[in-house]
Amino acid sequence: MSTSPAAPVTSPAPRPAPPTRRVLAHARLEARTLLTNGEQLLVAIAVPAMVLFGLRLLPVGRLEGASPIETALAATLATALISTSFTSQAIQTGFDRRNGVLRWVATTPLGRDGYMAGKILATLCVHVIQVLVLGLLALVLGWRPAPLEVLALLPIWIVGTIAFGSLGLLLAGRLRTEAVLALSNLIFVLFVAVGGIAVPQAEFPRLLRGIVDLLPSGALGELMRGTLVTGTLPVGAAAVLVIWAVGGCLAVIRWFRWSDV
């Protein structure tokens with residue numbers, strides 16, 4: 001009596017994880033990369049902390065009748081936002097692009113949209129840590145926040161993250177890595193020093209004031225000071241920041257390159 005051979009046992013083909021899980025996994029990887037890199041931590045935490053202590057102690061960037069710690073914290077939070085959303089993202093994305101990571105990601109289940117979504121979530125995660133650390137330092141230095149002020153910062157922070165994040169991605173998606181590294185740090189310093197972050201627009205000459213008012217850094221600085229110091233919302237600055245955010249996103253969609261080829 002003959003028996004037929006048993007049919008081979010085949011395992012089911014591997015299936016990709018659900019989109020949400022893929023994006024969250026990528027966000028964790030991006031956040032861990034940012035938070036375990038000494039240079040990135042210097043830009044994200046150490047530099048804004050030095051701005052906080054410097055502006056608190058030195059008579060620079062203060063508004064008449066305002067508490068020095070409030071004006072210092074406004075400039076510090078704007079510095080922290082730009083450092084992570086613009087500088088860190090530009091440098092990290094630039095290296096990913098040079099090493100072929102972006103081209104490879106486009107062929108995986110994560111895809112380009114998942115890659116970008118993970119980056120945004122990672123950036124927001126780092127922002128939360130920045131706000132907690134810098135807020136605690138400000139409390140030690142005498143800051144006494146009002147709950148409404150903190151809540152009012154949320155939409156400004158989101159729009160600012162989009163505006164500067166898109167500019168960082170655009171820089172990383174168009175230039176070679178060496179140029180991205182140099183320019184992102186140079187632009188960061190210019191934004192903070194003479195772009196309306198450390199020094200309010202009112203202290204600039206009239207001609208320069210008009211230019212700074214149109215910069216994303218000038219708009220962000222005015223919004224931070226308006227929220228934390230004067231309790232007002234500069235409508236013109238809000239419009240400028242929204243325009244930069246929308247324009248930056250459209251520019252990334254149009255001109256971002258996923259490889260050097």
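Which pattern does the protein chain follow, read along the sequence? I read it as α-α-α-α-α-α-α-α-α-α.

**Entry 1: the model and its conventions**

I am working with a predicted model, in which local features need pLDDT of at least 70, side-chain atom pairs count only at pLDDT 80 or more, and totals for chains, interfaces and linings use all residues. Residues are numbered from 1 along each chain as its sequence is written, and side-chain values use heavy atoms, with hydrogens and water left out.

**Entry 2: the whole chain**

I looked up the secondary structure and found ten helices and zero strands in the protein chain. Helices (H or I, at least four residues) and strands (E, at least two) are DSSP runs, numbered from the N terminus. Taken along the principal axes, the box filled by the C-alpha atoms is roughly 105 × 40 × 30 Å.

I then looked up burial: 45% of the 261 residues count as buried. Here buried means under 20% relative accessible area, exposed over 50%, and partly exposed in between (1.4 Å probe, protein chains only). For contacts (heavy atoms within 4.5 Å), I noted that 77% of those with a separation of 6 or more join residues 24 or more positions apart.

**Entry 3: α1 against α3**

Two packed helices are described by the angle between their axes and the distance between the axes. I took helix α1 (residues 19-35) and helix α3 (residues 68-98), whose axes come within 12 Å and cross at roughly 110°. This makes α1 roughly perpendicular to α3. Axes are lines fitted to C-alpha atoms, for helices over the stretch in contact, and angles run from 0 to 180 degrees between N-to-C directions. Angles under 35 degrees count as roughly parallel, over 145 as roughly antiparallel, 65 to 115 as roughly perpendicular and the rest as oblique.

The crossing of α1 and α3 is right-handed. A crossing is right-handed if the near helix is turned clockwise from the far one by less than a right angle, and left-handed if anticlockwise.

Which residues make the contact of α1 and α3? I listed Glu30, Thr33 and Leu34 from α1, and Ser88, Gln89, Gln92 and Asp96 from α3. By class, the contact of α1 with α3 has one nonpolar, four polar and two charged residues. Ala, Val, Leu, Ile, Met, Phe, Trp, Tyr, Cys and Pro count as nonpolar, Asp, Glu, Lys and Arg as charged, and the others, Gly among them, as polar.

**Entry 4: two residues of α1**

Is Glu30 buried or exposed? I find Glu30 in helix α1, and it counts as buried because its relative accessibility is 3%. Leaving aside neighbours within four places in sequence, Glu30 is in contact with Gln92, Asp96, Tyr115, Lys119 and Ala122.

Ala31 is also in α1 and is buried, with a relative accessible area of 7%.

**Entry 5: α9 and its partners**

Helix α9 (residues 216-230) and helix α10 (residues 235-255) have axes that come within 8 Å and cross at roughly 135°; the two are therefore oblique to each other. Their crossing is left-handed. I noted that Pro216, Ala219, Leu220, Glu222 and Leu223 in α9 meet Ala237, Ala238, Val240, Leu241 and Trp244 in α10. The residues of this contact divide into nine nonpolar, no polar and one charged.

Against helix α6 (residues 147-174), the axis of α9 comes within 10 Å and crosses at roughly 170°, so α6 and α9 are roughly antiparallel to each other. Among the residues that meet here are Trp157 and Phe164 of α6 and Met224 and Leu228 of α9. The classes in the contact of α6 with α9 are eleven nonpolar, two polar and one charged.

Gly231 follows α9 and has a positive phi, near 70°.

**Entry 6: Ile211**

I found Ile211 in helix α8 (residues 206-213). With a relative accessible area of 49%, Ile211 is partly exposed. The C-alpha atoms of Ile211 and Gly195 are separated by 9.0 Å, and the two residues are 16 apart along the chain.
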